[in-house]
Amino acid sequence: MSDIIDPKFKENVYSTVCHGCGFGCGVFMRELETQAVETGTSCGAPILNIDYRKASPVNQGKLCRFGVNLAGNYCPAVSSVKGKSVSTDEAIAKTVDALKGAKASEIALLSVGGTTNEEHLAFMKIGEKLGVPVSTGMTGLFKDIGKLHAYTGRGTTYEDVETAKKIYLFVDPYVSYPLLVRRLVHAKEKGAEIVAFGLKELPIATQNVTVEPDTSLYDVKEFAPDADTVIISDLTPYTYAKRLAELVEIAGGKSKFLFMRPFMNATGAGYLSKHTKQQSFDDIVSKMESGELKVLICLDSDLIDICLNDNMKETFKNLENAIVISSRDTTACSVADVVIATEPIYKKKGSVMNAEGRLIPITAAAGDTPLTGFYALSAILEALGGSALDFTGVHAEAVQMLGANEDEYKITVPEKKPQPEIKKISDKLPDLKAVFSDFAEPKSFVSSSSKADGESGAGAVKHLYLTNPFLWNGVLDNDNYIELSRCQVKSSALLKGFTADVSCACGEITKATRFKVSPMADGYVLSMRKQPFAKAPITDVVVLRSPTKPNEPEIVKECNVPQ
Amino acid sequence: MSAPENPAPAGAPPAGKPPEKKPPAPSTVGDVLKGSDIQVGGKYIGWSVRDEVRKEGGSGGLVTSILAGALEKGLVEHVVVLKKSSQYEAVPVLTSDVEDVYASAGSMHMLISNPTKYLRQFQNDATIALAVKPCDMRGIREQQKRNMIDLDKIFTIGLNCGGTMMPYKIRKVTEEVYGVNPDDVRAEEIEKGKLILETTDGEHHAQSIDELEEEDNGRRENCRYCVVKIATNADLACGNWGVMPDYAGKGTFVEVMTEKGAEFLRNAIDGGYAELKVASEPAAEARGKVNSIMLKMSAKTKEEVFVPMQSQTMTDLKKELENCIGCGACRTVCPPCACGTEAKCTAFNDPVDNYDISLFHMIRFLHLMDSCVGCGQCSDVCPADIPLARLYRKFANPMQDELNYVTGMDDRTPPFFEIKLEEVQ
Ligand code: SF4
């Protein structure tokens, strides 16, 4: 007989995948239940800590800044209707009512890949019942590039990067997909030539080539891909179709592509929804703006966080029913009419597919958990007249649809159909100005605080986002600054110790912004955090020195402070 | 399966085999001991009284028995066990269920847990028993010196350690070097300087550790130059070094390092969990001999790694650090780091600064000079694969060698704590 009466702690450990981006990093999540220690969390969650999954074939235990702080980003969502907390069943009932009360044309379903393949497929079954496809947010891009889409598939592994002779980078790995860095380090050690095409010089590159966002790759002589080249770029809702088309036109059929994705299961969701007629982000947003859309259901996809335009919060109010099915308390939960709270990602069971096309199982390392997310979707389907879903069956169906290997140490790519002939279409695609409405020739609109300088047109630059896991997930980091070149600092009359005021044509001015001098092209300013003055991927702004001294540094409030 | 037992040293003479042909000396002298016979400083050979634990545990299951006894008799509220999900992967989990202790994983050279930071989350609010490697215990002691871990609340069983391996790497080596399906591996052992994998068909597959390490496929680099192989800094120092053929695979050598260690051992005997006998002189000598061989090998590697680094310039150092992505993982996992959110390395490091070399790292190099335990956790988790452990040791070695200060081995005050401002002035 044990003398133990009341153990103070109970610990569960889950083997999961970081939800920060589509890299697919393996991680253990520890959940400590206790009455003994004050959790110090603002959201009443148990104490969470990550542990490093050193056997993961993707990251071997290593994590980026987002992953290291993953435990702090798990504020659980709370089921609610019109802001009032309710039981999950009530939230489900309200969702069903909303769906029954709307025509198919008034409903949109969005799942960008923020959850497992199994939940995505269950969501698709609801879509089938309603006659509404589940959108992944990438349709607009793929429609633009037409048959070239076939070249953006999976199958290039991170190990292929390590053994490549030549690597062309169209992403900033340090910021956007940090776990790529070590793969590039290994490639460089083995003698790879690494060419970075973009605005910022990267230390990992053996050659940095300045390529502005609207430069045609046909005009870049350094871009000479061959059979030994691995091209690393990414597919996001903001990918510029013309650039993507040029990449494929020039390199398709001879080089390997590794397309990174910003959302945990964007690859899996993309493949599962491949043959459905989806709505693009733009379609959904404009239907929301016009009031045509009455019900939007977002499955672990926070449209407000993903959207660079922070007016999206207001746009949500045009919906009769904004419904969020979410494993975390994100921005959209605060404005949704209905929130169906599901178990956190680390407690989910099933699989996700990373950018390589690797199917990664998510399994609780200790103890089973109820699959509230999956069964909430099943309950909605049943209430709409469908049959209840069986997890094992849906899992098997997802694996089969993905044509994937269930062993995370092996990547199986379904046999490739003959690739379509590459026809040049990029010259017919709209250019940057037409794609991003805020993109225009520099104007000398001015910051009220710096009229004198502004009148001379100084400080006019283009603002670009350096997308990263914090930005996509609406999580604040210590990245509240803009980056510009030394020359740009001069022309904006910035001084060390002072801050900058940034203004845009829409009239938004952000005062006292910190800045960093980076080795990068003149005429641009970059930021990693969503900025009020930049509502599109590329925006004209004016950067000028703030007349006042900087404020105290901002303190980032965390939900759950990891050890 | 038993609790984690001691890994045998790479390159060391095999446990239980004497160097000469004369009949091997016995491991023990005298009869089975009573609890009251156990003394601090005593050296014993012990084993579990439970058949199934003896069978499952590679070295007689002594460690499992001590942990189970401590939990069942209420000496501690919790035990940290290893939950094994494959031959290559296990994760430490807290339990109060003795069945979990009996069921926990066996010897795993590829398990590199970080109990120091793990223990911090309990805020000294529970009594916990756990098995540790020497470097784990060094981290725990450094935290204790900084008032973050209360040694009165924990009980530690130190395990001899000849080195650990990275789980993913060894999985790959299994496939590519051994030509064996990694999922077919049932057990692994280090013997006669070879890493031996036993597959489900009963076959043994061996490769020389030296050869594996030439290709960087063996032990983690920091393990190869580690200076503590027997965890004499824990309450009990256990392992199979010194176990002679009569007890090979059936007994564990244990040295009692603290009064608490003696108490837990007495509890295991009196509670009917374990039996012990006094270790013979030749057994103790054999243990010392293995240890000194291991230490000589470490000293050699230390020279090979660090002598060339003496000519490293600031430019070289800058180059080493240029791919840092600022994730902070190295600090998060660092066992002696006790600074929390007030850390100088982060407070003085501003991402908008453009210093030629990261202040974060410069402060940490300085800060770790008197506290780095050489565990290699920083290198393990670095997403840019910066050889951080090597860089920290480059700065720590000269200071720790000069002051003859081995971090985390005793209660000695860290050298930086002893500096008096007036002396500096
Ligand atoms: S955010 Fe992406 S790169 Fe960073 S730890 Fe998570 S999955 Fe890995």
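A salt bridge joins the side chains of Asp350(B) and Arg514(A), with an N to O distance of 2.7 Å; the term denotes a side-chain nitrogen of Lys or Arg within 4 Å of a carboxyl oxygen of Asp or Glu. This is a predicted model, in which local features need pLDDT of at least 70 and side-chain atom pairs count only at pLDDT 80 or more, while totals for chains, interfaces and linings use all residues. Residues are numbered from 1 along each chain as its sequence is written, chains are lettered from A and ligands numbered from 1 in the order in which they are written, and side-chain values use heavy atoms, with hydrogens and water left out.

Between chain A and chain B the count is six salt bridges. Chain A contributes 50 residues to the contact and chain B 49 residues, where contact means heavy atoms within 4.5 Å. The two chains bury about 4,500 Å² between them, 53% of it on carbon and sulfur atoms; buried area is the accessible area (1.4 Å probe) that two parts lose on being put together, summed over both.

The residues around the ligand include Cys18(A), Cys21(A), Cys25(A), Cys64(A) and Pro469(A), a residue being near if one of its heavy atoms lies within 4 Å. This shell divides into nine nonpolar, three polar and no charged residues. Ala, Val, Leu, Ile, Met, Phe, Trp, Tyr, Cys and Pro count as nonpolar, Asp, Glu, Lys and Arg as charged, and the others, Gly among them, as polar.

In chain B, strand β10 covers residues 236–239, with Leu236(B) and Cys238(B) pointing one way, Ala237(B) and Gly239(B) the other way, and all of them buried. Buried means under 20% relative accessible area, exposed over 50%, and partly exposed in between (1.4 Å probe, protein chains only). Helices (H or I, at least four residues) and strands (E, at least two) are DSSP runs, numbered from the N terminus. Strands pair if DSSP finds at least two bridges between them.

| Partner of β10(B) | Sense | Bridges |
|---|---|---|
| β6(B), residues 154–159 | parallel | three bridges |
| β11(B), residues 252–256 | antiparallel | four bridges |

Gly158(B) stands opposite Ala237(B), and Gly239(B) has Phe253(B) as its bridge partner in β11(B).

Ala493(A), which is not a glycine, has a positive phi of about 55°. Ala493(A) lies in the loop between α18 (486–491) and β20 (500–504) of chain A and is partly exposed, at a relative accessible area of 28%.
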